[in-house]
Amino acid sequence: MNPFRNRHAVRPVLVALGSAVLLAASVTVPSTAAAVVEEQPRSSVVLDWYDTTAATIAAGGAPTQITNSRTWAVSWLAAARATRVVPSGVDRGDFQDAALASAVHDALVALIPSRSQELDAALRATLQGVPDGAAESKGVAAGARQARLVLAAREGDGLDPASVNAPFTVPPAAPGVWQPTPPAHAPAAQYGNRLARPFLLNSPDQYRLPAPPALDSARYRADLAEVRAYGAVDSTARTQKQTETATFWLGSSLTLYTEPLRVALARSPHSSAGRARLVALFHVALVDTQIATSNTKYAYLRWRPVTAIRTGSIDPDPAWTPLHTTPAHPDYPSGHNTYSGAAEAVLSALVGPRTAPFQLTSPTAPGVTRTYTSWSRLSQENVDARVYSGIHTRSADEAGLVLGERVATHALRNAARLFGTL
């Protein structure tokens with residue numbers, strides 16, 4: 001039996017959890033100081049700062065994906081907290097616009113100081129659209145305060161590039177055991193993720209997956225045969241469309257999911273506070289997912305298909321080469337698919353599993369545009385893509401979706417720890 005079947009059985013629970021998270025702003029607190037309110041979005045400030053965050057990270061971000069995910073999480077968590085409680089006697093929209101811009105600005109300046117000039121200009125542009133007065137001044141102060149608090153709380157969390165790529169001692173070669181892969185035979189990457197401090201997980205191993213299929217199992221033999229046939233650089237089985245799928249999803253998951261999250265954000269009916277929570281929770285879940293991914297990867301150290309096919313006992317082929325270069329870390333589970341599983345779970349919970357058609361492009365597949373109407377379609381393409389690239393087994397891909405969904409569900413269940421009582 002496949003332990004990863006029926007992973008969507010929890011979808012109704014996810015949707016209910018997501019509704020609770022985003023509608024938290026409709027609750028009121030004692031009116032002596034402030035009220036938490038929900039209103040329809042009235043301006044482009046949320047999208048402006050979403051785009052500013054993406055551009056800032058693209059231009060000056062870290063070389064490690066999880067570090068950039070952390071930057072998103074910290075800056076938008078500060079924004080979500082700053083916009084949640086609106087002081088009495090001020091315009092709600094003006095306060096939230098100023099608070100969100102101030103929070104994201106201050107966090108990004110602290111984390112990517114090389115982009116300070118551009119960020120300062122973006123903040124001035126936002127505040128020019130907010131009338132002078134108490135709403136603006138209190139919003140700016142709230143954003144600055146929350147940025148300081150979140151930055152301080154995450155200090156030393158082990159998600160800086162040096163910690164992420166902490167040295168790893170490769171074990172002796174043996175059947176099934178990960179070894180550096182051709183052509184570069186680079187040192188293991190992302191080992192340090194498993195040592196980092198999560199946002200919401202109780203520990204990095206909280207959702208560690210069961211062991212991958214045994215090397216002598218029918219499932220593993222089928223997995224390897226599929227990669228050998230469809231993932232080879234000179235495959236005659238892989239179609240042009242399948243090659244396109246592999247190439248389309250080859251790049252950074254953070255980059256590839258920036259536009260789908262923006263689509264969800266733009267179509268959300270919630271206020272600035274609700275939409276800031278969407279961005280914050282998405283990236284908090286994805287940081288924790290990447291931590292959990294490395295924990296499972298380095299717990300089992302499953303070799304990559306290229307090593308298994310070239311040196312394994314099942315009809316070894318020393319010349320076999322994958323379509324795309326194999327990343328420098330173990331096979332199980334697929335990090336692209338833990339990312340897509342978590343992203344699908346959060347988006348399905350917070351905006352629904354389906355949406356109006358939207359188009360997506362990829363930096364690794366110039367000239368290709370794909371259209372989607374559901375988040376699950378992105379996940380399924382990620383599963384297929386890593387097989388067609390020749391860099392993952394299907395078991396590793398499917399297990400990745402499950403791990404990502406479990407971590408995201410945990411984040412949704414524990415969102416009150418991020419934003420206050422819901």
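Helices, as counted here, are DSSP runs of at least four residues, numbered from the N terminus. With that in hand, the loop between H7 and H8 is a handy place to start in this predicted model: His 185 is found there. His 185 has a positive phi of about 50 degrees, even though it isn't a glycine. Its relative accessible area is 48%, so His 185 counts as partly exposed. That loop, between helix H7 (161-164) and helix H8 (218-230), is also the place of Pro 183, which is joined to Pro 182 by a cis peptide bond with omega at about 5 degrees.

Asp 315 counts as exposed, because its relative accessibility is 57%. As a rule, most residues other than glycine have a negative phi, and most peptide bonds are trans.

The chain has 422 residues, and 57% of them count as buried. Its accessible surface is about 16,500 Å², with 55% of that belonging to carbon and sulfur atoms. Looking at contacts between residues at least 6 apart in sequence, 81% join residues that are at least 24 apart.

Helix H2 (residues 45-60) has 16 residues, which at 1.5 Å a residue should span 22 Å, so the 22 Å between its end C-alpha atoms agrees with expectation. Several H2 residues are buried, among them Val 45, Leu 47, Trp 49, Tyr 50 and Ile 57. The cover over the buried residues of H2 includes helix H3 (65-84), H4, helix H5 (116-128), helix H11 (258-267) and helix H12 (272-300).

H4 also meets another helix. Two packed helices are described by the angle between their axes and the distance between the axes. For helix H4 (residues 92-111) and helix H6 (residues 134-153), the axes come within 7 Å and cross at roughly 35 degrees. The crossing of H4 past H6 is right-handed. On the H4 side, the residues involved include Phe 95, Ala 98, Ala 99 and Leu 111, while those of H6 include Gly 139, Val 140, Gly 143 and Leu 151. By type, the residues of this H4–H6 contact split into 13 nonpolar, 3 polar and 4 charged.

Notes
Residues are numbered from 1 along each chain as its sequence is written. This is a predicted model: local features need pLDDT of at least 70, side-chain atom pairs count only at pLDDT 80 or more; totals for chains, interfaces and linings use all residues. Side-chain values use heavy atoms; hydrogens and water are left out. Axes are lines fitted to C-alpha atoms, for helices over the stretch in contact, and angles run from 0 to 180 degrees between N-to-C directions. Helices (H or I, at least four residues) and strands (E, at least two) are DSSP runs, numbered from the N terminus. A crossing is left-handed if the near helix is turned anticlockwise from the far one by less than a right angle, and right-handed if clockwise. Contact means heavy atoms within 4.5 Å. Ala, Val, Leu, Ile, Met, Phe, Trp, Tyr, Cys and Pro count as nonpolar, Asp, Glu, Lys and Arg as charged, and the others, Gly among them, as polar. The expected span of a helix is 1.5 Å times one less than its number of residues. Buried means under 20% relative accessible area, exposed over 50%, partly exposed in between (1.4 Å probe, protein chains only). Accessible areas come from the Shrake-Rupley method with a 1.4 Å probe; for residues, only the protein chains shown count as cover.
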